[in-house]
Amino acid sequence: MGIPERKPLSVEDEVRALLEEGRIGEAKKLVETAGDQLPESLREIFAPPKIRRVDERGVDRTPEFNWLKLNGPAYAEKWVALVGEELVACEDSLKDLLSKLGQRQFERRPLVHHIV
Amino acid sequence: MFALSFSAGRSKFLDRHPRFVEPTAKVYVNIAFPGLSQDWLAQVDTGAAYSILEQDVARELGLFQSEGKFTRLHTRLGALRGRLIRVPLKILADEGTSLDFEATFFVSPDWHGGTFLGYSGLLDRLRIGLDCPRNLFYFGESG
């Protein structure tokens with residue numbers, strides 16, 4: 001009885017195998033050379049990010065960062081929402097935190113972080 | 001003047017892990033997602049091959065309802081099953097202009113870490129620079 005022939009991997013499977021091994025650069029090169037042999041969904045994953053400048057500004061988060069440095073360890077595993085150095089909400093789940101935030105208005109957008 | 005031409009914007013960054021005392025500094029920057037009216041922190045990690053989205057945030061963005069093949073990727077928490085998904089987001093500038101993005105993230109219900117901006121497909125398309133004494137993160141699109 002002969003050794004059964006191994007079915008060659010499709011290009012898509014090869015790409016996924018490379019990804020699994022963490023060989024992202026090689027996966028990317030293979031996608032570039034394979035072109036139409038790959039489904040659009042996979043090509044899109046490796047497409048360069050679409051980047052554009054937007055006239056929208058954040059705020060200096062130094063007060064929030066100070067709070068996190070000082071109090072972060074005491075809030076381990078919690079979701080926190082900060083406005084300046086004020087903790088405006090703290091919950092075990094993001095869903096509950098967002099629900100609480102939705103009922104309130106703030107002078108600036110809260111900074112949300114999961115202390116993990 | 002040089003910094004202005006190098007980057008589109010800059011923002012303050014958080015330079016340490018908010019929970020653990022770690023021997024190395026970190027770089028957490030402000031980001032925003034369309035559809036969510038808060039700002040969020042993401043860790044810039046040039047050592048991470050790809051970007052990862054925190055699972056609860058992915059859930060809020062409705063990304064677990066996406067279709068597409070699962071991929072297994074090796075993360076610092078072991079091999080995880082998830083999907084590679086294009087996610088829109090903004091890197092927020094305190095000064096200058098923010099950047100609007102659509103980049104590929106690994107999204108897995110088994111990932112219990114935070115959000116990481118990784119090298120491939122995201123940071124490798126940006127100009128970034130740090131002013132460490134002042135905790136300033138400079139960023140701009142490449143080319």
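**Entry 1: where the chains pair**

I began with strand β4 (residues 111-114) of chain A, which pairs with β3(B) in the parallel sense over 2 bridges. I noted that strands are DSSP runs of E with at least two residues, helices are runs of H or I with at least four, and both are numbered from the N terminus. Two strands pair if DSSP finds at least two bridges between them. I looked up one bridge here: A:Leu111 has B:Asp39 in β3(B) as its partner.

A note to myself on the model: it is predicted, so I kept in mind that local features need pLDDT of at least 70 and side-chain atom pairs count only at pLDDT 80 or more, while totals for chains, interfaces and linings use all residues. Residues are numbered from 1 along each chain as its sequence is written, and chains are lettered from A and ligands numbered from 1 in the order in which they are written.

**Entry 2: the contact between A and B**

How many residues does each chain bring to the contact? I found 45 residues from chain B and 41 residues from chain A. Two residues are in contact if their C-beta atoms, placed from the backbone, lie within 7 Å. On the side of chain B that touches chain A, the elements giving two or more residues include β1 (9-12), β3 (39-44) and β8 (98-107) of chain B. β8(B) gives the most to this side, with 7 residues.

I then sorted the residues on this side of chain B and got 15 nonpolar, 15 polar and 15 charged. In this sorting, Ala, Val, Leu, Ile, Met, Phe, Trp, Tyr, Cys and Pro are nonpolar, Asp, Glu, Lys and Arg are charged, and the others, Gly among them, are polar.

**Entry 3: a sheet in chain B**

Next I followed an open sheet of 4 strands in chain B, with the order β7-β1-β11-β10 and antiparallel pairing. β7 (95-96) and β10 of chain B stand at the edges with a single partner strand each, so one side of each has no neighbour in the sheet.

I walked across the sheet by its bridges. β1(B) and β7(B) are joined by 2 bridges, and B:Gly9 has B:Gly96 in β7(B) as its bridge partner. β1(B) also pairs with strand β11 (residues 136-141) of chain B over 4 bridges; there B:Gly9 stands opposite B:Phe139. Strand β10 (residues 126-131) of chain B pairs with β11(B) over 6 bridges, and B:Ile128 has B:Phe139 as its bridge partner. The hairpin of β10(B) and β11(B) has 4 residues between the strands, and B:Asn135 takes a positive phi near 50° in it.

A residue is buried if 20 or more other C-beta atoms, placed from the backbone, lie within 10 Å of its own.

**Entry 4: one tryptophan**

I finished with A:Trp79, in strand β2 of chain A. Buried or exposed? A:Trp79 is buried, because 22 other C-beta atoms lie within 10 Å. Leaving aside neighbours within four places in sequence, A:Trp79 has contacts that include A:Glu91, A:Val112 and A:His114.

Definitions and conventions:
Buried ≥ 20, exposed ≤ 12 C-beta atoms within 10 Å, placed from the backbone.
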